Amino acid sequence: MNPDPSSLNEASDKVRLFFILMSAVLIIGIAASYFAGRAALDAIARIREFDAAIEAIQDLRSTIQDAETGQRGYLLTHRANYLAPYEEAIATIHQRLQAAQKLAKAGLLEEKQVSELGKSINAKIEELRKTVSLVQSGRIPAAMEIVRSDKGERTMESIRTIIAEIVSVQENGR
């Protein structure tokens, strides 16, 4: 008995339709996997950017503290070897601040906070330079008067507060 050609065509059409549907499901699955993987990679890249921004801000804070530590050592001892870390930090601070400003322009940090941070850092650098300069010129009482005014301490506290706010925003923005 020979099968009916119309039933063979009908069976062939069903098999063809099955393979077409399975191919479509496979293509959709591959596309969904690709887009999910792409989204995961994008999220990882964004987290790395946030981490880099936090690291840049923390490096800036560390550099400012290095400058302050060197200045304090020089004011207490009047020994020039304490100026090496101070001078190195002063030379680096502006580069690190510029890096933070670039991150702000790229949208990774809030520009207003970075601007406030820049103002406080510039004020702190001015206070550090002034006291070191006064000691170098033999005007130690004038330098100590600036230190006793606590203006530098208040400026440093402002810097710490702004940096803490920036880091908090970054960590919550992940």
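## The largest pocket

Let's start with an open space: the largest pocket here has a volume of about 240 Å³. Among the 14 residues that line this pocket, Glu68, Gln71, Arg72, Glu127 and Val147 are the closest to its centre. Keep in mind that this is a predicted model.

Which helices build the lining? At least two lining residues come from each of α1, α3, α4 and α5. Helix α1 gives the largest share, with five residues. Sorted by class, the lining holds seven charged, five nonpolar and two polar residues.

## A closer look at glutamine 71

One of the residues closest to the pocket's centre, Gln71, sits in helix α1. Is glutamine 71 buried or exposed? Its relative accessibility is 5%, and buried means under 20%, so glutamine 71 counts as buried.

What does the side chain of glutamine 71 pair with? It makes a polar contact of 2.7 Å with the side chain of threonine 131. Setting aside neighbours within four places in sequence, glutamine 71 is in contact with Tyr86, Glu127, Leu128, Thr131 and Val132.

Now for the nonpolar side of the story. In soluble globular proteins, nonpolar side chains tend to be buried together. In this model, the largest nonpolar core has 37 residues, and Ile57, Ile93, Leu109, Leu117 and Ile121 touch the most other members. At least two core residues come from each of α1 (5–77), α2 (83–105), α3 (111–136), α4 (140–148) and α5 (151–173).

Take isoleucine 121 as an example: not counting residues up to four places away in sequence, it touches Leu60, Ile64, Ile93, Leu97 and Ile159.

Note on methods. Residues are numbered from 1 along each chain as its sequence is written. This is a predicted model: local features need pLDDT of at least 70, side-chain atom pairs count only at pLDDT 80 or more; totals for chains, interfaces and linings use all residues. Side-chain values use heavy atoms; hydrogens and water are left out. A nonpolar core is a set of buried Ala, Val, Leu, Ile, Met, Phe, Trp, Tyr and Cys residues joined through side-chain atoms within 4.5 Å. Buried means under 20% relative accessible area, exposed over 50%, partly exposed in between (1.4 Å probe, protein chains only). Helices (H or I, at least four residues) and strands (E, at least two) are DSSP runs, numbered from the N terminus. Contact means heavy atoms within 4.5 Å. A polar contact is a pair of N or O atoms within 3.5 Å; within protein, one must be able to donate a hydrogen and the other to accept it, and residues adjacent in sequence count only if both atoms are side-chain atoms. On a 1 Å grid over the protein atoms alone, a cavity is a set of points where a 1.4 Å probe fits but cannot get out, and a pocket is an open set with protein on both sides within 12 Å along at least five of seven lines; lining residues have an atom within 4 Å of a point. Grid points are joined across faces, edges and corners, and a volume is the space filled by probe spheres set on the points. Ala, Val, Leu, Ile, Met, Phe, Trp, Tyr, Cys and Pro count as nonpolar, Asp, Glu, Lys and Arg as charged, and the others, Gly among them, as polar.
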